[in-house]
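Dear colleague,

I am handing over the structure below, and after it you will find some notes on what turned up when I went through it. Please read them with the structure open beside you.

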Amino acid sequence: MKPENKDKVSIMIVPTGIGASIGGYAGDASRYAQKIAKHIPLIVNPNIVNAAVFSGISENMFYVEGWAIEQFVKGNISLLPSQNNKIGVIFDSAIPQNVLNIHLNTINAIKTVYDIDIIGHEITKEPAGVEFFTMESGISAGRLNNPETLVDAGKKLLDRGAQALAVVCFFEEPPEDDYENGDGVDIVGGVEAIISHYLTEKLMCPCVHAPAFEDVSITGRLVDPKVSAEYITPTFLPCLMFGLKNAPLLIDTKNCDKCYKPDDSGYYITCRDLHSVVVPHDALGSSVVLDSIEQGIKVFAVKENNTVLNVNKYAIGKQNVIIEVDSYEDYIKYLEE
């Protein structure tokens, strides 16, 4: 099933909600991902390319949610390249009608202009109950009080033929902070990751989240360029559609009864195809990094990308195996050798 000359793949990760100086805002890591993807097929977590009504996704990129990336590196999930996925949308019933209408208009615009196959939407029976906050460490976090109502809506969409799911939950207005000035942590990013992780695991399909706020007005003040994509639109839904359109489907290699059955022309991407992983230099505590090291996969830590974490190569006791580079450009030079 797998062409003998199939390229290796790399993974670029910038975790959500940790204040990364590159990738901690609105698609601001996209330009680096696009450069890397010119040299090697690149798996990216949505946080890298999502930018409200814009997307940094490009050819030679695989748009994969964070939990699925973790399981991919562990060998529990394989990826099936796919195009023109059928996408369903889950809406939290707590979203006010006028805000919901804006999102429905957005869906219709995306279908009209881009011909993305959005098969329909489901509104949850009960509010999802999203809460968000910042922890003492500085990272953003939160709670999802009624996750099953999202799962139930997702199952209905999968039964209708959806292959990938966009999720929009209602969020209270966040407090004013330094985010609009290109500083600090995205306070809603942590709980967004929780929602996406949970649904991807429960439904075994690509699932990505965008928030909906009651205040849909657009500011007339200037904000930092790194966050500007989020301040010119009342909805962050479009970037999810651009990513999910060609997101690889998930193959559960531990439970084959859940496996997607491709035709003979398809092939799976597995952890054995992994060339390297590139992450911020002080965000090395994830299972993706530790599992990659255990499997002998090269991990590149980028020193120009700083976060509120302090988990560097010394903190994890892997100073002899982590490859530190000054910049993403240096990682690209390595790929060119």
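Strand β7 (residues 87-91) and strand β8 (residues 118-123) run parallel and are joined by 5 bridges, where two strands pair if DSSP finds at least two bridges between them, and I87 stands opposite I118 in β8. Helices (H or I, at least four residues) and strands (E, at least two) are DSSP runs, numbered from the N terminus. Together with helix α4 (residues 97-114), β7 and β8 make a right-handed β-α-β unit, right-handed meaning that, with the strands pointing away from the viewer, the path from the first strand over the helix to the second runs clockwise.

This is a predicted model, in which local features need pLDDT of at least 70 and side-chain atom pairs count only at pLDDT 80 or more, while totals for chains, interfaces and linings use all residues. Residues are numbered from 1 along each chain as its sequence is written, and side-chain values use heavy atoms, with hydrogens and water left out.

Turning to N45, this residue has its place in the loop between β2 (42-44) and α2 (46-49). N45 counts as buried because its relative accessibility is 6%, buried being under 20% relative accessible area, exposed over 50% and partly exposed in between (1.4 Å probe, protein chains only). The side chain of N45 also reaches the backbone oxygen of V14, at 3.0 Å.

With kind regards

Notes
Polar contact = N/O pair within 3.5 Å; in protein donor to acceptor, adjacent residues only side chain to side chain.
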